[in-house]
Amino acid sequence: MSAPMRKFLVQTIGHTSSTYKGSVIFFHGSGDTGNGIREWLKLVLREEFSFPHLDVIIPTAPERPYSLYGGELSNVWFDRVDIAQDVPETESVSTMCQQLEPIVNDLVEKGTPKNKIIIGGFSMGGCLAMHMAYRFHPQVAGCFVLSGFLNTGSAVYDSVKKSTNEMPPLFYCHGQADPLVKYEWGEKTCNQLKSLGVTTNFNSFPKLSHELDKKELHMLRDWITKIIPNS
């Protein structure tokens with residue numbers, strides 16, 4: 001395992017080889033781990049979240065002081081002052097994106113071009129994925145968000161607005177019964193990116209809370225396979 005993979009305690013589903021056609025990077029939500037969300041995915045699907053032609057890379061956020069926990073250490077990708085859309089982003093988002101650069105670079109150096117990499121995540125991990133895909137790696141094949149959102153005035157919107165290149169397509173899922181990350185926040189995020197030219201696929205789940213869903217994950221796998229086909 002390479003140094004970047006060791007640093008973020010990466011879980012890998014599949015084995016990188018010449019037969020693989022790309023990679024999926026999946027970021028977990030706040031307070032979780034790579035192993036935690038891997039097991040959660042397996043529990044919901046009753047099988048691994050895997051593909052015959054793709055590696056699935058699941059990093060773990062390093063522990064850091066988290067303001068929402070009174071400064072206690074937690075496995076979170078970045079700090080935030082509130083779970084709300086109308087608060088500013090913290091600089092820790094950009095810092096973490098920069099720290100994660102070696103994971104993407106490691107895949108590229110081993111032969112996976114950026115246009116064969118999909119970046120996504122759940123909740124906080126979905127927010128991080130949008131920053132990674134639309135600010136730092138717009139050449140990737142796609143981005144997915146499960147129950148996540150961007151803050152109003154996010155740096156992601158500025159990057160997309162200024163870009164003259166085609167942006168990665170976005171697959172988005174959100175539950176209307178989500179009590180933590182409001183459905184309206186996800187819908188607004190997706191619509192704003194769509195208004196800036198991003199090709200979006202927004203999927204609404206009327207009874208879904210802040211959790212993973214079997215139908216949602218099957219839809220996600222179908223979308224990923226469409227973006228990077230096994231052919």
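Predicted model: local features only at pLDDT ≥ 70, side-chain atom pairs only at ≥ 80, totals over all residues.
Trainee: How many helices and strands are in the chain?
Mentor: Count DSSP runs from the N terminus: helices are H or I runs of at least four residues, and strands are E runs of at least two. The chain has seven helices and nine strands.

Trainee: What is the radius of gyration of the chain?
Mentor: The radius is taken over C-alpha atoms, and the globule rule is 2.2 Å times the number of residues to the power 0.38. For 231 residues that rule gives 17 Å, and the chain comes close to it, so it is as compact as a globular protein of that length. The chain's radius of gyration is 16 Å.

Trainee: What share of the residues is buried?
Mentor: Relative accessible area decides: buried is under 20%, exposed is over 50%, and partly exposed is in between (1.4 Å probe, protein chains only). Of the 231 residues in the chain, the buried share is 52%.

Trainee: What share of the contacts joins residues 24 or more positions apart?
Mentor: A contact means heavy atoms within 4.5 Å. Take the contacts in the chain with a separation of 6 or more. The share from residues 24 or more positions apart is 74%.

Trainee: How is α4 oriented relative to α5?
Mentor: Helix α4 spans residues 124-136 and helix α5 spans 155-162. Their axes, lines fitted to C-alpha atoms over the stretch in contact, come within 9 Å and cross at roughly 25°. Angles run from 0 to 180 degrees between N-to-C directions; under 35 degrees is roughly parallel, over 145 roughly antiparallel, 65 to 115 roughly perpendicular, and the rest oblique. So α4 is, relative to α5, roughly parallel.

Trainee: Which residues of α5 meet α4?
Mentor: From α4 come M130, H131, Y134 and R135. Facing them in α5 are A155, V156, S159 and V160.

Trainee: How is α2 oriented relative to α7?
Mentor: Helix α7 covers residues 214-227. The axes of α2 and α7 come within 9 Å and cross at roughly 105°. That makes the two helices roughly perpendicular.

Trainee: Which residues of α7 make that contact?
Mentor: On the α2 side are L41, V44 and L45. On the α7 side are K214, L217, H218 and R221.

Trainee: Is R46 buried or exposed?
Mentor: R46 sits in the loop between α2 (34-45) and β3 (54-58). Its phi is near 65°, a positive value in a residue other than glycine. With a relative accessible area of 73%, R46 is exposed.

Trainee: Is S147 buried or exposed?
Mentor: S147 lies in the loop between β7 (142-146) and α5. Its phi is near 60°, also positive in a residue other than glycine. At 0% relative accessibility, S147 is buried.

Trainee: Which residues does G125 contact, leaving aside neighbours within four places in sequence?
Mentor: G125 is in helix α4. It is buried, with a relative accessible area of 0%. Its contacts are F27, H28, G29, W77 and G120.

Key: Residues numbered from 1 in each chain as written. Heavy atoms only, no water.
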